[in-house]
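Q: Hello! I am new to reading protein structures. Could we go through one together, feature by feature?

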Amino acid sequence: MTATPSHPHLEPVLVLGAGLMGRLLAWQLAKHGHRVDLLDAGPPEGSSSAARVAAAMLAPLAESAVTEPNVVAMGQYALPRWRELLQQLPDPVFFQQQGTLVLWHRQDAAEAQRFNGLLAKTRQTLPTLPAPENVHGARLASLEPAVAQRFHQGVYLPEEGQLDNRQLLQALLKALAQQGTVVQWHTPCTLDQALELQQKRGGWVLDCRGLGAQADWPIPGPTLRGVRGEVARLHAPGVTLQRPTRLLHPRYPIYIAPKQDHVFVIGATEIETNDLSPASVRSTLELLSAAYAVHPGFGEARILELNSQCRPTLPDNLPTVRQAAPKVLQINGLYRHGFMISPAVLDAVVEHMHSGTQTLAAQLQLCFQVNTLQPLA
Ligand SMILES: Cc1cc2nc3c(=O)[nH]c(=O)nc-3n(C[C@H](O)[C@H](O)[C@H](O)COP(=O)(O)OP(=O)(O)OC[C@H]3O[C@@H](n4cnc5c(N)ncnc54)[C@H](O)[C@@H]3O)c2cc1C
């Protein structure tokens, strides 16, 4: 493959952070013809990014129980957009849109009632969301035979999706290499250093360092924090699930995201801390016990990995694009929805860079704090 030629009238772009947002933006901007340089503090495997640990569920309606309608709308926008984006990648990435199944134990019916109430409220605001379906008996058994003996009712949320985050990160790297985009690994960079580079080379700086950008969102402004998530990656040949399954529980709500070849991501805790230490015994016990309660076949599963990472989160738990200086955008706060919404954020940022407008951001109510119109890539 030959490298994509850069267009002389398009300005160069320096992207800080090659996690989810950084790789997506670098790839798409190079595709448009920008010369792109990408820096990351960690290695190419992405082991210092939230993106590598994530379950990568694309579940706007399920998430509406814990987020705002604008994030749900971004998630709805992103589902078809993911299909388009994945088709442009050089390697296949596992992607499915078989919906989400939400289950609960009989004693947690009150949780289910609360959850259903929240879904109904979301659908009043966003009536184009697919309708949830209450499923029982034979219908539940036909959807997800493996759980039908232990659960007698659930809610099916059609059209929700998931993808394989690690295949995606790898495929994006291959695409970047084919474009001739330079990526420097093990190269931590501060915003001040990036501004110095911008003085010399001109062009744009896109700060996509996730939680690594914390020092550049200082108090008294909106402060970036970590929300720790712990997950287990299991190989369970005795378990077959067709789609991500969520268990409602007052203390241990979990999800089980089935990837290819009987690999399952079980997650995730949600703890207010920047602590990046390994998963705790307590969290692991809770996650694995809850998974075992959904399907005893997990008892024979092999633990491939126990992981922890922190979700980069702003005070309102919403994503934000903020202009730190002329042609310097900080893109952050993707919290627990990075995969679900990143195509929307990507398109909004590219639109702004190329036309100076924020039409998509306004349509999706993505917080976009820029001072002036800057047409001009
Ligand atoms: C346990 C868990 C489960 C999740 N599940 C889901 C899910 O099911 N669905 C969903 O939509 N989202 C999920 N997420 C959220 C998603 O992973 C994040 O929202 C997303 O990864 C954020 O993307 P980002 O590019 O902003 O940050 P990251 O993906 O964290 O990438 C940031 C990058 O910046 C680099 N960096 C840091 N500091 C510097 C520096 N000084 N210089 C250069 N580079 C630097 C890091 O090395 C990293 O590669 C989950 C997250 C976690 C932790």
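Q: How far is a backbone N or O atom of Phe339 from an oxygen atom of the ligand?

A: Good place to start, and please keep in mind that this is a predicted model. The distance for Phe339 is 2.8 Å, taken from a backbone N or O atom to an oxygen atom of the ligand. To read such a pair, compare it with the cut-off for a polar contact, which is 3.5 Å between N or O atoms. Gly338 has a backbone N or O atom 3.1 Å from a ligand oxygen atom, and a polar backbone atom of Tyr335 lies 2.7 Å from an oxygen atom of the ligand.

Q: How much of the ligand's accessible area does the protein cover?

A: On its own, the ligand has 1,000 Å² of accessible area, and the protein covers 95% of that.

Q: Which elements give two or more residues to the shell around the ligand?

A: They are helices H1 (20-32), H2 (50-53) and H10 (338-355), together with strands S11 (225-235) and S16 (302-313).

Q: How many residues surround the ligand, and which are the closest?

A: There are 37, and the closest are Asp40, Ser48, Ala50, Tyr335 and Met340. Sorted by class, the shell holds 21 nonpolar, 12 polar and 4 charged residues.

Q: Now the strands. Where do side chains point in a regular strand?

A: The general idea is that they alternate between the two faces of the sheet. Take strand S1, residues 13-16: Val13 and Val15 are on one side, while Leu14 and Leu16 are on the other. These four residues of S1 are all buried, so both faces of the strand are covered. Strand S2 can be read in this way too: Val36 and Leu38 point one way, Asp37 and Leu39 the other way, and all are buried.

Q: Which strands does S1 pair with, and in what sense?

A: To read pairing, look for the bridges between two strands and for their direction. S1 runs parallel to strand S10 (residues 204-207), joined by 4 bridges. S1 also pairs in the parallel sense with S2 (residues 36-39), again over 4 bridges. Leu14 has Asp37 as its bridge partner in S2.

Q: What strand comes after that, on from S2?

A: S2 pairs with strand S9 (residues 182-184) in the parallel sense, over 3 bridges. Asp37 has Val182 as its bridge partner in S9.

Q: What is the strand order in the open sheet of 3 strands?

A: The order is S3-S8-S4, and the pairing is antiparallel. S3 (57-58) and S4 (95-96) stand at the edges with a single partner strand each, so one side of each has no neighbour in the sheet. Between S3 and S8 (residues 161-163) there are 2 bridges, and Met57 has Gln162 as its bridge partner in S8.

Q: Is Trp104 buried or exposed?

A: Compare the relative accessible area with the cut-off: buried means under 20%. Trp104, in strand S5 (residues 100-104), has 7%, so Trp104 is buried. Trp104 also shows how sequence and space can be read together: Val294 is 190 residues away in sequence, yet the C-alpha atoms are 9.2 Å apart.

Q: Which residues does the cis peptide bond join?

A: The backbone angle to read is omega. The cis bond joins Gly267 and Ala268, with omega about -20°. Ala268 sits in the loop between strand S14 (263-267) and strand S15 (271-272).

Q: What is phi of Lys327, and where is this residue?

A: Phi is near 60°, a positive value in a residue other than glycine. Lys327 belongs to the loop between strands S17 (320-325) and S18 (328-332), and at 18% relative accessibility it counts as buried. Gln365, not a glycine, has a positive phi of about 55°. Its place is the loop between helix H11 (359-364) and strand S19 (367-369), and with a relative accessible area of 58% Gln365 is exposed.

How values were computed
Residues numbered from 1 in each chain as written. Predicted model: local features only at pLDDT ≥ 70, side-chain atom pairs only at ≥ 80, totals over all residues. Heavy atoms only, no water. Near = heavy atom within 4 Å. Polar contact = N/O pair within 3.5 Å; in protein donor to acceptor, adjacent residues only side chain to side chain. Areas by Shrake-Rupley, 256 points an atom, 1.4 Å probe, with all protein chains shown as cover. Nonpolar A, V, L, I, M, F, W, Y, C, P; charged D, E, K, R; others polar. Buried < 20%, exposed > 50% of the residue type's maximum accessible area, 1.4 Å probe, protein only. Pairing = 2+ DSSP bridges.
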